[in-house]
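Student: I have a model open and want to go through its packing. Start with how the helices cross, please.

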Amino acid sequence: MIDDVLKAKLSTLNIPLEEFSALLIRLLDYGVISREESQVEAQLYDRYMICAELVEDYLSILNIRLLHDRQFCFVRVFPPSAQVPGLPDDDNSAFNQGMRYRPTQQEVSLILVLRVEYEKSLREGLLDDSGCVLVSFESIAFAMKNLLKRSLPEQSSERSTLFKRIRQLRLIQFNSDNDLNLDEGWMSIQPSITSFVTDEVLQSLHPQDDEQDQDTQQASTNALTQDQAEDQ
């Protein structure tokens, strides 16, 4: 019966059920759809714009939260009870971590540093027309050491896996593995990073003295792991 109602509503939008299903599967599988990512995601995003209300209604049944950034053309889903920058807290949602992706310590550290670098460039007015920030891999490696006292993986294969995972989350973009060269490579930090790390976590990354560094890093890591990372 729900199937019939859904088909009827989709028919008024000229969207086949199969295409609607493909949109939902991609969104739930990756956790995000960004129009600037690829031609495939551009088509999916445009399809979402047509049937956004139906997508939101469908996901609301599962208490899955959805953030749509119209300025930078991306849609991201969050599991129930997640704290989402830009969305009010849902006090009535059930606590459930089944959908949450558990990032590694290295991934958490990199995401936090990317967020700090994006905020720094935002304040300095260095964003491009798409809201992205161009930074070198060398500067990110330096920032990680300076801020969190951690280093990027020394082996190129491990470093490649790490950055590809962050790219899959649509938080960064780089053209090829050749860009992963720490001496010459460049990446683009995507504006969706702001929906992945809360302002509270960002503020906690600025300790007042060296003795607070370790506690600050652990608090930030715990906050990001619990509230922001979701299964892709």
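Student: Is the crossing of helix 4 and helix 6 left-handed or right-handed?

Tutor: The crossing of helix 4 and helix 6 is right-handed, that is, the near helix is turned clockwise from the far one by less than a right angle. Helices here are DSSP runs of H or I with at least four residues, strands are E runs of at least two, and both are numbered from the N terminus. This is a predicted model: local features need pLDDT of at least 70, side-chain atom pairs count only at pLDDT 80 or more, and totals for chains, interfaces and linings use all residues. Residues are numbered from 1 along each chain as its sequence is written, and side-chain values use heavy atoms, with hydrogens and water left out.

Student: At what angle do the axes of helix 4 and helix 6 cross?

Tutor: Roughly 60 degrees, with the axes of helix 4 and helix 6 coming within 10 Å. Axes are lines fitted to C-alpha atoms, for helices over the stretch in contact, and angles run from 0 to 180 degrees between N-to-C directions. Helix 4 and helix 6 are therefore oblique to each other; under 35 degrees counts as roughly parallel, over 145 as roughly antiparallel, 65 to 115 as roughly perpendicular, and the rest as oblique.

Student: Which residues make the contact?

Tutor: Helix 4 uses Gln106, Glu107, Leu110, Ile111 and Leu114, and helix 6 uses Leu162, Phe163, Arg165 and Ile166. Contact means heavy atoms within 4.5 Å.

Student: And helix 4 with helix 5, at what angle do those cross?

Tutor: Their axes cross at roughly 100 degrees and come within 10 Å. Helix 4 and helix 5 are therefore roughly perpendicular to each other. Among the contacting residues are Leu110 and Val113 of helix 4 and Ile140 and Met144 of helix 5.

Student: New topic. Which residues touch the most other members of the largest nonpolar core?

Tutor: Leu110, Ile111, Leu114, Phe163, Ile166 and Met187, out of 29 residues. Such a core is a set of buried Ala, Val, Leu, Ile, Met, Phe, Trp, Tyr and Cys residues joined through side-chain atoms within 4.5 Å. Buried is under 20% relative accessible area, exposed over 50%, and partly exposed in between, with a 1.4 Å probe and protein chains only.

Student: Where does the largest share of this core come from?

Tutor: Helix 4 (105-123), with seven residues. Another core, of 21 residues, lies apart from this one and includes Ile15, Leu23, Leu27 and Tyr48.
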